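The entries below follow the order in which I looked things up.

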Amino acid sequence: MFYFCQLWEHTSSSRIFSCIGLAGYIILIASRNAALSYFGVYLAACGIYPNIPNTIAWVSNNVEGSYKRSVTLAMVISFGNINGAVSS
């Protein structure tokens, strides 16, 4: 997927994965069948988890200076990890 996004100079592959995740969540909300719900969970996970390394790579490429980059990456990862505490 990332190879084709770079080949076609389409750098917003996160949108594609977000659409896949959104489709999974829509299936989860609308379905009553267990097999279809498992498929929705699979789609949601496939759509969400690639966004994390994409965000980290994007942030590290767009911040200059080693100290600024290290602090920015620490903040991004900290905000990602605090989501578990917020959702519980």
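**Entry 1: the contact of helix 4 with helix 5**

I began with the residues that touch, taking contact as heavy atoms within 4.5 Å, and found that Thr55, Ile56, Val59 and Ser60 in helix 4 meet Arg69, Thr72, Leu73, Val76 and Ile77 in helix 5. Sorted by class, this contact has five nonpolar, three polar and one charged residues, where Ala, Val, Leu, Ile, Met, Phe, Trp, Tyr, Cys and Pro count as nonpolar, Asp, Glu, Lys and Arg as charged, and the others, Gly among them, as polar.

I noted the conventions before going further: this is a predicted model, in which local features need pLDDT of at least 70 and side-chain atom pairs count only at pLDDT 80 or more, while totals for chains, interfaces and linings use all residues. Residues are numbered from 1 along each chain as its sequence is written, and side-chain values use heavy atoms, with hydrogens and water left out.

**Entry 2: geometry of the pair**

Two packed helices are described by the angle between their axes and the distance between the axes. For helix 4 (residues 51-62) and helix 5 (residues 66-87) I read an angle of about 155°, with the axes 9 Å apart; the axes are lines fitted to C-alpha atoms, for helices over the stretch in contact, and angles run from 0 to 180 degrees between N-to-C directions. Helix 4 and helix 5 are therefore roughly antiparallel to each other, given that angles under 35 degrees count as roughly parallel, over 145 as roughly antiparallel, 65 to 115 as roughly perpendicular and the rest as oblique. The crossing of helix 4 and helix 5 is right-handed, a term used if the near helix is turned clockwise from the far one by less than a right angle, left-handed if anticlockwise.

Leaving aside neighbours within four places in sequence, Val59 is in contact with Thr72, Leu73 and Val76.

I then turned to Tyr38, which is found in helix 3 and counts as exposed at 63% relative accessibility. Phe39 is also found in helix 3, and is partly exposed with a relative accessible area of 41%. The C-alpha atoms of Phe39 and Ile27, twelve residues apart along the chain, are separated by 8.2 Å.

**Entry 3: the whole chain and its confidence**

The protein chain has five helices and zero strands, where helices (H or I, at least four residues) and strands (E, at least two) are DSSP runs, numbered from the N terminus. Of its 88 residues, 22% count as buried.

The mean pLDDT of the chain is 83, and 83% of its residues reach 70 or more, pLDDT being the predictor's confidence in each residue, from 0 to 100. Among the elements, helix 3 (residues 34-48) has the highest mean pLDDT (91) and helix 1 (residues 2-7) the lowest (61). Where pLDDT is low, the predicted coordinates should not be read in detail.

Notes
Buried means under 20% relative accessible area, exposed over 50%, partly exposed in between (1.4 Å probe, protein chains only).
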